[in-house]
Amino acid sequence: PNDAGESSLPMRLLNDTVVTAELRDLNNGSWAVDYFFAEPQKAMFFSRSLGDYRTSTWAPQEGSPAIERIGGFDAMVFDAPTSEVSYVISPYTGDVIGDYSPWLAFSDGSLALYTGQFELLSAVSGDEILSLEGNLGAWEGEQGTLGVRVMTDQSMLLDGSVYAGEVETRTRGEGDYVMIGDTPLEEGESYIGVIDAALPAEIADSLDADLNGIFGGYEDAFGYALPQKVTLYFAFGGFENPGYSFSGSVIGSNLIVMNVSGEVLRDYPPAIREHILWFFAHESAHVFQ
């Protein structure tokens, strides 16, 4: 505190956070992210560093270091203790094996932004990060709370509530998805959420009935029903790539995020139906377990 009894933290640092990431929609497909640290830092690394996508999609702005790959982690190392850094991001919408997709793209241009991708841990130097050898469990620091502020002219959906202009959220080790865009909410018997309008009809037309049946099977097996409808974000990545791809994840106890793509889905052979049902059952199991 200063002499006036007011906080001396950076103006844009969210209360009770050690790091705040402020994202601004640049309205050209790119986003700016400004980081604010409660204490000056010598080096920081991303706790979620699978995929190695930041080195090519995060452009440092004046005075900020480039993201570099150190011992299996994406990291930023500073010439002097630093409290603020800035980057321009080209959203990476590809899959990250073993982690949540950083940005989930919908065919109408809407995006679901995963806040956990911005979590940073502190280090004394790049050498300390290197010594971890990619093992997050070897880090001996204490993870603080990350604040994320998202600012855009587009509508936003978070935890079932709609926001305009700005939304703030906090996380510590998990993260959440902020839905950005005008894709309308849909509600079925089994879910409420955002479903890509370009999703093949063979999948979309039976989606609610399929999930209902799978949930019913789990209710019988586990002996309890879900307390509320799941929130579902279901994106379609197009027919361009050969074969097919299904990726999904569950955050918390209620949010299912899924993405499908591939040329095989255009003709929809019978075996794909079996794969789709397995995919739904796999992600649904995480909600019950």
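**Getting to know a predicted model**

Biologist: Why is Gly262 called buried in this predicted model?

Modeller: Gly262 has a relative accessible area of 1%. Buried means under 20%, so with 1% Gly262 counts as buried.

Biologist: Where does Gly262 lie, and which residues does Gly262 touch?

Modeller: Gly262 lies in the loop between β16 (255-261) and α5 (264-267). Leaving aside residues up to four places away in sequence, Gly262 touches Gly238, Phe239, Asn241, Gly243 and Tyr244. A touch here is a pair of heavy atoms within 4.5 Å. Leu130, by contrast, is 38 Å from Gly262, C-alpha to C-alpha, and 132 residues apart from Gly262 in sequence.

Biologist: How do you know whether the protein chain agrees with a compact globule?

Modeller: With 289 residues, a compact globule would have a radius of gyration near 19 Å. The protein chain has 20 Å, so the two agree. The box filled by its C-alpha atoms is roughly 65 × 40 × 40 Å along the principal axes, and 48% of the 289 residues count as buried.

Biologist: What is the chain built from?

Modeller: The protein chain has 6 helices and 16 strands.

Biologist: What makes strand β1 mostly covered?

Modeller: In β1 (residues 19-25), 6 of the 7 residues are buried; each of those 6 falls under the 20% cut-off.

Biologist: How do you know that β1 pairs with β9 and with β2?

Modeller: Two strands pair if there are at least two bridges between them. There are 6 bridges from β1 to β9 (residues 146-158) and 7 from β1 to β2 (residues 31-46), so both count as pairs. β1 and β9 run parallel, with Thr20 opposite Gly147. β1 and β2 run antiparallel, and Val19 has Phe37 as its bridge partner in β2. β1 and β2 also form a hairpin with 5 residues between them. In the turn, Asn27 has a positive phi of about 60°.

Biologist: What makes β12 and β15 edge strands?

Modeller: First, the sheet: 5 strands form an open sheet in the order β12-β13-β14-β16-β15, with mixed pairing. β12 (186-187) and β15 (245-251) each pair on one side only, and are the edge strands. Further in, β13 (residues 191-195) and β14 (residues 230-236) run parallel and are joined by 5 bridges. Val194 stands opposite Tyr233 there.

Biologist: How far apart are the mean positions of the positive and negative charges?

Modeller: The mean positions of the 12 positive and 44 negative charges are 3 Å apart.

Definitions and conventions: Residues are numbered from 1 along each chain as its sequence is written. This is a predicted model: local features need pLDDT of at least 70, side-chain atom pairs count only at pLDDT 80 or more; totals for chains, interfaces and linings use all residues. Side-chain values use heavy atoms; hydrogens and water are left out. Helices (H or I, at least four residues) and strands (E, at least two) are DSSP runs, numbered from the N terminus. The radius of gyration is taken over C-alpha atoms; the globule rule is 2.2 Å times the number of residues to the power 0.38. Buried means under 20% relative accessible area, exposed over 50%, partly exposed in between (1.4 Å probe, protein chains only). Lys and Arg count as positive and Asp and Glu as negative; His and the chain ends are not counted. The place of a charge is taken as NZ of Lys, CZ of Arg, CG of Asp or CD of Glu.
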